[in-house]
Amino acid sequence: MAITPRTIFTNPASAALAAASLFTMTAASMYVLNTSCSSSPCEITASATYESPCASVRDAIGPDASSWSEFGWFTYAECYGEQNDSSKVVEVTTQGLRHYPASSALYNMKGYHQIKMGEHASAVKTLEEGMRRVGRSANSVMANNLAWAGVWAPREMDASRARQLYKASLAQAPKVCETLHTGMWVEYSIAKTTDGFERAAALRAFHGLSESYEVCEDRYKDGEWDTLIEVLGAAVIKADVARDLDCGMKGASEKQLLQEVSAELRKRYRGSSIDALCRESIPVAAAHHACVDLIDTQVTTLRRASH
């Protein structure tokens, strides 16, 4: 799963700029009072004039964008991230990278939001460029997000490259849930497209990552969409692998997790179809049918249990 780039920077100015960002959340539209009138008593009217939701953040950073710091560009882009305007984030970070062409933070943010928009091939290109430009200081976030984008865009990245990337990310940050999740998907995709020793090696790696990921599974209870989708995808491939290998009680355990996550999604996001959930959580095309089949089975079970 992609890791948010929000924690990359630590800067004393962040508190003041964050306060400005929060202010803009309540001032996206300004109202201008019109008091010019010919009649008496005068009738005051209010007309709405739209102002960019991040205008005050821009003002806090400074009027001359050519003099902004790297952190200033990151903060301005992050404001649009808070507005869920990923296209604007990509636009701002692209401009920022012209001034700071070796900025790990800006590459990470641009690639992350391209992933959010489903532009995985573009994210691969962005983050590969970032890895080249940043060099040795490229952090675990960039390596993970590049691997995750590559799983979605296999024409842009082969599985061996994705494996190299997620392992490099885990070497720097071995307990990050999103990276363990990415690694599971990489090994699952390799196991699905190979046989013999190569498939066996991928399955061994998958099971090791899966065991490490178990401490991450309860995060779905927070109800946050991205986490629910992450754990749902993990539950699907764990159940699918267990089913393929006829793992008995282990398979029952995976189905239980899938049932619990499905129930949480059904409670919080009732309007989402099974197909939509699978499109959102399943980066490997070969697993889409298994996802629909497994979730449908669990939803049917839940419906029967409630009657």
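**Notes on the disulfides and a helix pair**

1. With about the S-S bond a torsion of -85°, the link of C177 and C216 is left-handed. Keep in mind that this is a predicted model. The two sulfurs of C177 and C216 sit 2.1 Å apart, and they form a disulfide. It ties together distant parts of the chain: C177 belongs to helix α9, while C216 lies in the loop between α10 and α11 (225-245), 39 residues apart. Both ends are tucked away from solvent by the numbers, as C177 is buried at 14% relative accessibility and C216 is buried at 1%.

2. How many disulfides are there? The count comes to 3. Besides the link of C177 and C216, there are C54 with C79 and C278 with C291.

3. Take C54 and C79: their sulfur atoms are 2.1 Å apart. The torsion about this S-S bond is about -95°, so the disulfide is left-handed. C54 sits in the loop between β2 (45-50) and α2 (55-61), and C79 is in helix α3; the pair links distant parts of the chain, 25 residues apart. C54 has a relative accessible area of 0%, so it counts as buried, and C79 is buried too, with 1%.

4. For C278 and C291, the sulfur atoms are again 2.1 Å apart. About -85° is the torsion here, so this disulfide is left-handed. The link runs from C278 in helix α13 (residues 274-281) to C291 in helix α14 (residues 288-306), 13 residues apart. Relative accessibility is 0% for C278, which is buried, and 0% for C291, also buried.

5. Now the helices. α9 (residues 177-193) packs with α10 (residues 196-213) at an angle of about 160°, the axes being 8 Å apart. That angle is over 145°, the cut-off for roughly antiparallel, so α9 is roughly antiparallel to α10. Their crossing is left-handed.

6. Which residues of α9 meet α10? Among them are C177, L180, M184, Y188 and I190, and on the α10 side the partners include L203, F206, L209 and Y213. By class, the contact has 12 nonpolar, 4 polar and 3 charged residues.

7. One backbone point to look at: N84 has a phi near 60°, a positive value in a residue other than glycine. Where is N84? In the loop between α3 (70-82) and α4 (86-99). Is N84 buried or exposed? Its relative accessible area is 61%, so N84 is exposed.

Terms used: Residues are numbered from 1 along each chain as its sequence is written. This is a predicted model: local features need pLDDT of at least 70, side-chain atom pairs count only at pLDDT 80 or more; totals for chains, interfaces and linings use all residues. Side-chain values use heavy atoms; hydrogens and water are left out. Axes are lines fitted to C-alpha atoms, for helices over the stretch in contact, and angles run from 0 to 180 degrees between N-to-C directions. Helices (H or I, at least four residues) and strands (E, at least two) are DSSP runs, numbered from the N terminus. Angles under 35 degrees count as roughly parallel, over 145 as roughly antiparallel, 65 to 115 as roughly perpendicular and the rest as oblique. A crossing is left-handed if the near helix is turned anticlockwise from the far one by less than a right angle, and right-handed if clockwise. Contact means heavy atoms within 4.5 Å. Ala, Val, Leu, Ile, Met, Phe, Trp, Tyr, Cys and Pro count as nonpolar, Asp, Glu, Lys and Arg as charged, and the others, Gly among them, as polar. Buried means under 20% relative accessible area, exposed over 50%, partly exposed in between (1.4 Å probe, protein chains only). A disulfide is a pair of cysteine sulfur atoms within 2.5 Å.
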